[in-house]
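Me: I am new to this structure and would like to know what stands behind the words used for it. Please set each value against its definition.

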Amino acid sequence: MALHELAAPTLPASCLDTLRELGELKRVRSAAQRGSIADRLFARGWALLASGATPEAVCGEVTGAALCAVRLGDIDALLLRRLGVAPERASSILHCGLQEVLAELPTPLAAPSIATLGQALEPTLLEHDPPAFVTLLSQQPRAGVTCPGKPRILLEPPESHAEHCLMVAVYGVLLAPAYGAAPVTVFLASMAHHLHNALLPDSGFAGEVLLGEQLEPVMRRATHMALAELPAELAGIVQEACMVLPNADTPEGRAFHAADTLDRVLQIEQHLRSGHITMRQVLHDMELVHEGPVKPFQDRLLAELGLPA
């Protein structure tokens, strides 16, 4: 295949802001829940698949929930109803959150079945716990930045493999239309692309080089052990989806590798960006001290103490 045929489509730089916001779901937590939103959506996706839900339904539910969480965090339909919000009003709030995020995406990226994503705001009841490999992946940290012959760069806190796989899956669904790829195939391949790390600790690029000819067979055996935890039919579907992973010579392969690359780079960028935020950005752009009856008092206080205004 000619090199020009593998070229990435032109993606507007504006989509990066939304992808960055989605990536923050690895770091959004709440008191009543364990782990990050990304971690829990990964577990939910695999639990739904293992319980017999169709890949199409799971893809829509997980992606829709992630997009909605960009605005509302851990506020979902069940919580709103528990706190006395009428079902119709709760649904309206969630749909508004979803539409806000979709409106920020270019049309080619916002194309995956909006109706399906909307249905995702009504959570499906779980019938089974997720497979055991899900817990292991949520506890397995990523290696950081490694390169043969050079010291490892670790940025704390590390993301888990569950968080990474979830985010690649969501990015992949959003990017799929731009590459002409089937979103569900990209979703499944992304959710499964680190199954081997349930048993195999992540030593990064440097460790992979040292494993040499043993890398592929070790990864293959570890992946098969994880797949054995799934119902046979589902394991076959996942294995078929994973056939797109080795290269970028199919639309699905390109969408996956675009999503994987972006998540890996944006994860590091998040650590680097945090050290360059200014008080002016926080106070003016983000309105940390926002409009309200006590804002004049707050502004005077900051001025009196010499804090940036």
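Reply: A pocket is, on a 1 Å grid over the protein atoms alone, an open set of points with protein on both sides within 12 Å along at least five of seven lines, and lining residues have an atom within 4 Å of a point. By that rule the largest pocket is lined by 47 residues, and H193, H194, H196, E208 and M219 lie nearest its centre. The model is predicted, so local features need pLDDT of at least 70 and side-chain atom pairs count only at pLDDT 80 or more, while totals for chains, interfaces and linings use all residues. Residues are numbered from 1 along each chain as its sequence is written, and side-chain values use heavy atoms, with hydrogens and water left out.

Me: What is the volume of the largest pocket, and which elements each supply at least two residues of its lining?

Reply: The volume is about 1400 Å³, where a volume is the space filled by probe spheres set on the points, and grid points are joined across faces, edges and corners. β1 (145–147), α11, α12 (215–227), α13 (232–241) and α14 each supply at least two lining residues. The largest share, eight residues, comes from α14. Helices here are DSSP runs of H or I with at least four residues, strands are runs of E with at least two, and both are numbered from the N terminus.

Me: What makes a lining residue of the largest pocket nonpolar, polar or charged?

Reply: Ala, Val, Leu, Ile, Met, Phe, Trp, Tyr, Cys and Pro count as nonpolar, Asp, Glu, Lys and Arg as charged, and the others, Gly among them, as polar. On that basis the lining of the largest pocket has 24 nonpolar, 15 polar and eight charged residues.

Me: Why is H196 called buried?

Reply: Buried means under 20% relative accessible area, exposed means over 50%, and partly exposed is in between, with a 1.4 Å probe and protein chains only. H196 has 8% relative accessibility, so H196 counts as buried. H196 sits in the loop between α10 (183–192) and α11 (204–211). Apart from neighbours within four places in sequence, H196 is in contact (heavy atoms within 4.5 Å) with M219, A222 and T223.

Me: Why are R221 and V282 called partly exposed?

Reply: R221 has 49% relative accessibility and therefore counts as partly exposed. R221 belongs to helix α12. V282 has 23%, so V282 also counts as partly exposed. V282 is part of helix α15 (residues 279–285), and its contacts beyond neighbours within four places in sequence are I277, E287 and L288.

Me: How do you know where the second largest pocket is, and which residues lie nearest its centre?

Reply: The second largest pocket is lined by 25 residues, with Q33, R40, L41, D74 and D76 nearest its centre. The elements giving two or more residues to that lining are α2, α3 and α4. The volume of the second largest pocket is about 670 Å³. Its lining has 15 nonpolar, three polar and seven charged residues.

Me: Is D76 buried, partly exposed or exposed, and why?

Reply: D76 has a relative accessible area of 30%, so D76 is partly exposed. D76 lies in the loop between α3 (55–72) and α4 (77–82). D76 and L94 are 18 residues apart in sequence, and their C-alpha atoms are 7.3 Å apart in space.

Me: Why are α2 and α9 called roughly perpendicular?

Reply: Angles of 65 to 115 degrees count as roughly perpendicular, under 35 as roughly parallel, over 145 as roughly antiparallel and the rest as oblique. The axes of helix α2 (residues 37–50) and helix α9 (residues 161–179) cross at roughly 75° and come within 8 Å. Axes are lines fitted to C-alpha atoms, for helices over the stretch in contact, and angles run from 0 to 180 degrees between N-to-C directions. α2 and α9 are therefore roughly perpendicular to each other. A38, D39, L41 and F42 of α2 make the contact with A162, E163, C165, L166 and M167 of α9.

Conventions. On a 1 Å grid over the protein atoms alone, a cavity is a set of points where a 1.4 Å probe fits but cannot get out, and a pocket is an open set with protein on both sides within 12 Å along at least five of seven lines; lining residues have an atom within 4 Å of a point.
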